[in-house]
Amino acid sequence: MLAFAYDGSLNGDWVAHYAVRFASNTAARRLRVIHVRDEARAAHLPERLARIAAECAAVDVACEAEVVERGAVDVAARVLDVAGPDATVIAGTRARPRARAFLAHTVSARLLAARRVPVIAIRVVHPGVLGQPGRVLVPVAERVDFAAAALPVLRLLGDDIERLHLLWVCAVSRLRARWQSAPAGARLVAAGRAGLAAVEDALRAGLAPLAPSLDATVVISPDPPREIVLQAARHRARLICLDHDAPAAGPLARASLEVVLRDAPADVAVFRNPP
């Protein structure tokens, strides 16, 4: 069951394209749109909800819109209560940064932190993609269950994935990057390729029968967030999928998420699938 936490904004309308496309790639073909009442958005809410419903109808998705009162809890808690324990919740990040942050201290950040249900927080950089990215870049976190965590969001993209690029960043210090010997660099790349091989096999099996074109890249970098941004541009990716639960000591640490969200040349989906 997919639940879209809709804030009634223009940015929310852009995120809605992803929510609708995700729902069209599920067996249930059903989308719950949950809006926690906000008087500042009330005037235009009916027409905005009608547009989302029309987009759902165009791809044969049943749309159920619910406008609920906030009550005594914060917006994130209210969304989770309404969505229920079996939902996957889709939400948006800020359209513009506040204190240089797109995700921190937002409803989406609280949804992710709650660890109650799977959550996908999306920053839309190019509204014209309309939730159909085609080329997707997936930076691989160094965790044994990465493929299992990434597969649910990748499956929601369905046939909209034309090409899947896996990226393994070997993080090194700037000093080591400058003076590292060729054999040492080759060892790092070989270790990265070994780690990628298992992830690649798991994703191929998990995405069958979709069978998108899949390739993998291993790079050595002193600045993993910048490398992710560069690789997204190099591969002309239209969506970057980031693991919210990447190890804190690894190259995809949570602090790096904001850098990628800020500089990304493509839409970004930050996902979390609690065990």
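**Exercise 1.** Find which residues arginine 143 touches, leaving out residues up to four places away in sequence, and work out whether arginine 143 is buried or exposed.

*Solution.* 
- Keep in mind that this is a predicted model.
- Step 1: locate the residue. Arginine 143 sits in the loop between strand E6 (134–139) and helix H5 (146–157).
- Step 2: list the neighbours. With residues up to four places away in sequence set aside, arginine 143 touches Ala149, Asp243 and Asp245.
- Step 3: pick out the polar contacts. The side chain of arginine 143 makes one with the side chain of aspartate 243 at 2.6 Å, and one with the side chain of aspartate 145 at 2.7 Å.
- Step 4: check the accessibility. The relative accessible area of arginine 143 is 19%, and buried means under 20%, so arginine 143 counts as buried.

**Exercise 2.** Check whether the end-to-end span of H5 agrees with what its 12 residues should give, then find out how many of those residues are buried.

*Solution.* 
- Step 1: At 1.5 Å a residue, the 12 residues of H5 should span 16 Å.
- Step 2: compare. The end C-alpha atoms of H5 are 17 Å apart, which agrees.
- Step 3: count the covered residues. Nine of the 12 residues of H5 are buried, so the helix is mostly covered.
- Step 4: name them. The buried residues of H5 are Phe146, Ala147, Ala149, Ala150, Leu151, Val153, Leu154, Leu156 and Leu157.
- Step 5: look just past the end. Glycine 158 follows H5 and has a positive phi, near 50 degrees.

**Exercise 3.** Run the span and burial checks on H1, and see which side chain reaches a backbone nitrogen at the start of H1.

*Solution.* 
- Step 1: the span. H1 has 15 residues and reaches 22 Å from its first C-alpha to its last, close to the 21 Å expected at 1.5 Å a residue.
- Step 2: the burial. Because 13 of the 15 residues of H1 are buried, H1 is largely enclosed by the rest of the structure.
- Step 3: the start. A side-chain oxygen of serine 9 comes to within 3.4 Å of the backbone nitrogen of asparagine 11.

**Exercise 4.** Describe the largest pocket: how much space lies in it, and what lines it?

*Solution.* 
- Step 1: the volume. The largest pocket holds about 660 Å³ of space.
- Step 2: the lining. There are 30 lining residues, and Asp7, Arg41, Gly92, Thr106 and Val107 lie nearest the centre of the pocket.
- Step 3: sort them by type. The lining divides into 12 nonpolar, nine polar and nine charged residues.
- Step 4: trace them back to elements. At least two lining residues come from each of strand E1 (2–5), helix H1 (10–24), strand E2 (30–36), helix H3 (75–83), strand E4 (88–92) and helix H4 (107–114).

**Exercise 5.** Work out where the side chain of serine 108 reaches and whether serine 108 is buried or exposed.

*Solution.* 
- Step 1: the place. Serine 108 belongs to helix H4.
- Step 2: the accessibility. At 2% relative accessibility, serine 108 counts as buried.
- Step 3: The side chain of serine 108 reaches the backbone oxygen of glycine 92 at 2.5 Å.
- Step 4: the other neighbours. Not counting residues up to four places away in sequence, serine 108 touches Ala91, Gly92, Thr93, Leu103 and Ala121.

**Exercise 6.** Go through the backbone: what is phi at arginine 29 and at histidine 105, and which residues does a cis peptide bond join?

*Solution.* 
- Step 1: arginine 29. This residue is in the loop between H1 and E2. Its phi is positive, about 50 degrees, although arginine 29 is not a glycine. At 28% relative accessibility, arginine 29 counts as partly exposed.
- Step 2: histidine 105. This one lies in the loop between E4 and H4, with a positive phi near 65 degrees. At 73% relative accessibility, histidine 105 counts as exposed.
- Step 3: the cis bond. Alanine 208 and proline 209 are joined by a cis peptide bond with omega about 5 degrees. Proline 209 is in the loop between helix H7 (182–207) and strand E8 (213–221), and at 78% relative accessibility proline 209 counts as exposed.

Technical notes. Residues numbered from 1 in each chain as written. Predicted model: local features only at pLDDT ≥ 70, side-chain atom pairs only at ≥ 80, totals over all residues. Heavy atoms only, no water. Helix = DSSP H or I, 4+ residues; strand = E, 2+ residues; numbered from the N terminus. Buried < 20%, exposed > 50% of the residue type's maximum accessible area, 1.4 Å probe, protein only. Polar contact = N/O pair within 3.5 Å; in protein donor to acceptor, adjacent residues only side chain to side chain. Contact = heavy atoms within 4.5 Å. 1 Å grid on protein atoms, 1.4 Å probe; cavity = no way out; pocket = protein on both sides within 12 Å on 5 of 7 lines; lining within 4 Å. Points joined across faces, edges and corners; volume = space filled by probe spheres on them. Nonpolar A, V, L, I, M, F, W, Y, C, P; charged D, E, K, R; others polar. Expected span 1.5 Å × (residues − 1).
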